[in-house]
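Me: I want to go through the labels on this structure one by one. Show it to me, then I will ask what backs each label.

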Amino acid sequence: MTARDALTKNQLCVLEKLEASSGPLSAYTLLDQLRERGFRAPLQVYRALDTLVKSGFVHRLESLNSFVACAEPHDHSHSMTAFAICDNCGQVTEMSDHDVGHRLDEWVRSTGFAAKKAVIEFRGVCAKCRAEAA
């Protein structure tokens, strides 16, 4: 993971917005929230997000086309990261497990498939929303 102090001003602004957010944010929502900090074009946000994703500070949620700050420091190249996304409140919980990731990697390789990327997202209802509905 790249050191936080190596991030540019724009990258740090985007990361701080995601860290302060209670849920995932789209690039255009980030742009709207960062206009007061000098952001004018979507490309500024997308460039920052690209670097933040590659550096392991941020995850892209494929099913929502949105982004979340990484919940905890871990080595993304050696562990499986999955997300549980609540359809009611939008809460996103990040889970990482080295052993599960290793087993999935072995299984994929055993089939002869050359995976470029894996995204695991569970959609449903979180415990808090389930309790409130009961």
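**Labels and their cut-offs**

Reply: Start with Leu18, which touches Leu25, Leu30, Leu49, Val58, Phe67, Val68 and Ala69, leaving out residues up to four places away in sequence. Contact means heavy atoms within 4.5 Å. This is a predicted model: local features need pLDDT of at least 70, side-chain atom pairs count only at pLDDT 80 or more, and totals for chains, interfaces and linings use all residues. Residues are numbered from 1 along each chain as its sequence is written, and side-chain values use heavy atoms, without hydrogens and water.

Me: What makes a set of residues a nonpolar core, and which have the most contacts inside the largest?

Reply: A core is a set of buried Ala, Val, Leu, Ile, Met, Phe, Trp, Tyr and Cys residues joined through side-chain atoms within 4.5 Å. The largest one has 19 residues, with Val14, Leu18, Leu30, Leu49 and Val58 making the most contacts inside it. At least two of its residues come from each of α1 (9-20), α2, α3 (42-55) and β2 (66-69). Helices (H or I, at least four residues) and strands (E, at least two) are DSSP runs, numbered from the N terminus.

Me: Why is Lys116 called exposed?

Reply: Its relative accessible area is 88%. Buried means under 20%, exposed over 50%, partly exposed in between (1.4 Å probe, protein chains only). Lys116 therefore counts as exposed.

Me: Why does Tyr28 count as partly exposed?

Reply: Tyr28, in helix α2 (residues 27-34), has 48% relative accessibility, so the in-between class applies.
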